Amino acid sequence: MPIGEICNREVVIVRKEDSILEAAKLMREYHVGDVVVVDDREGRVIPLGILTDRDIVVELIAKEVPLDSVSVQDVMSEDLISASENRGVWDTIQCMRARGIRRIVVVDDGGGLVGILSIDDLLELLSGELSDLAKLSMKEWDREKETRG
């Protein structure tokens, strides 16, 4: 299954020049732990980086950096890991494990933002698949029991 089918397409975005306070308010408003930093290029929204609530706490608040003295660009993770919307789930999981990341930005063939996929999204998908498999196994077990019975 391609990750483009399961990623969250309602991505909260900010621009690199936005303030940290603006980004934090968006995270609170939309109940998310990250925002994708984007730029507009030729009518496309291109992801540049990601800013997480953890980045704000660890890099700014814990160091007592005045929030009005920095912008999103100063704190965002610039080595953005992204995956094609056509990439398979298993391959994406392996990539996330190898890189030690909890979320991955999903892009189209031209590098435009499609969505974001988190470990929580993957766990939800996999737990649903395992639940369906367990139900199927129970039906088979019941059938075998009836036949022997």
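This note goes through a predicted model point by point, from its confidence to its sheet, its hairpins and its charged side chains.

1. Confidence. The structure is a prediction, so the first thing to look at is pLDDT, the predictor's confidence in each residue on a scale from 0 to 100. The chain has a mean pLDDT of 92, and 99% of its residues reach 70 or more. Confidence is highest in strand 1, at 98, and lowest in helix 5 (residues 119–148), where the mean is 80.

2. Strands of a sheet pair through backbone hydrogen bonds, and the pairing can be parallel or antiparallel. Here an open sheet is formed by three strands in the order 1-2-3, with mixed pairing. Strand 1 and strand 3 are the edge strands; each has a single partner strand, so one side of each has no neighbour in the sheet. From one strand to the next, the twist averages 45°.

3. How the strands pair. Strand 1 and strand 2 run parallel and are joined by three bridges. In this pairing, Ile13 is opposite Val36 of strand 2. The pairing of strand 2 with strand 3 (residues 44–52) is antiparallel and has eight bridges. Within it, Val35 is opposite Leu51 of strand 3, and Arg41 has Arg44 of strand 3 as its bridge partner.

4. The helix on the sheet. Helix 1 (residues 20–30) packs on the sheet and touches strand 1, strand 2 and strand 3. The direction of helix 1 makes about 90° with that of strand 3.

5. Two hairpins. Strand 2 and strand 3 make a hairpin with two residues between them, and Glu42 in its turn has a positive phi of about 50°. A second hairpin is made by strand 5 and strand 6, with five residues between the strands; in this one Gly111 has a positive phi near 85°. Strand 5 (residues 103–107) and strand 6 run antiparallel and are joined by five bridges. Val107 is opposite Leu113 of strand 6 in this pairing. Strand 6 (residues 113–118) is mostly covered, with five of its six residues buried.

6. Asp34. The side chain of Asp34 makes a polar contact of 2.8 Å with the side chain of Arg103. Leaving aside residues up to four places away in sequence, Asp34 touches Met27, Ile50, Leu51, Thr52, Arg103 and Ile116.

7. How many salt bridges does a search of the whole structure find? The search finds seven. One of them joins the side chains of Arg15 and Asp40, with an N to O distance of 3.0 Å. Arg15 lies in strand 1 (residues 13–15) and Asp40 in strand 2 (residues 34–41), so this pair ties together parts that are 25 residues apart in sequence. Both ends are partly exposed: Arg15 has a relative accessible area of 25%, and Asp40 has 44%.

8. Two further salt bridges. Arg41 is partly exposed at 42% relative accessibility, and Asp39 is partly exposed at 25%. Another salt bridge joins the side chains of Arg87 and Asp91, at 2.7 Å from N to O. Arg87 is partly exposed at 24% relative accessibility, and Asp91 is also partly exposed, with a relative accessible area of 36%.

How values were computed:
Residues numbered from 1 in each chain as written. Heavy atoms only, no water. Salt bridge = Lys/Arg side-chain N within 4 Å of Asp/Glu carboxyl O. Helix = DSSP H or I, 4+ residues; strand = E, 2+ residues; numbered from the N terminus. Buried < 20%, exposed > 50% of the residue type's maximum accessible area, 1.4 Å probe, protein only. Pairing = 2+ DSSP bridges. Polar contact = N/O pair within 3.5 Å; in protein donor to acceptor, adjacent residues only side chain to side chain. Contact = heavy atoms within 4.5 Å. Axes fitted to C-alpha atoms, helices over the stretch in contact; angles between N-to-C directions.
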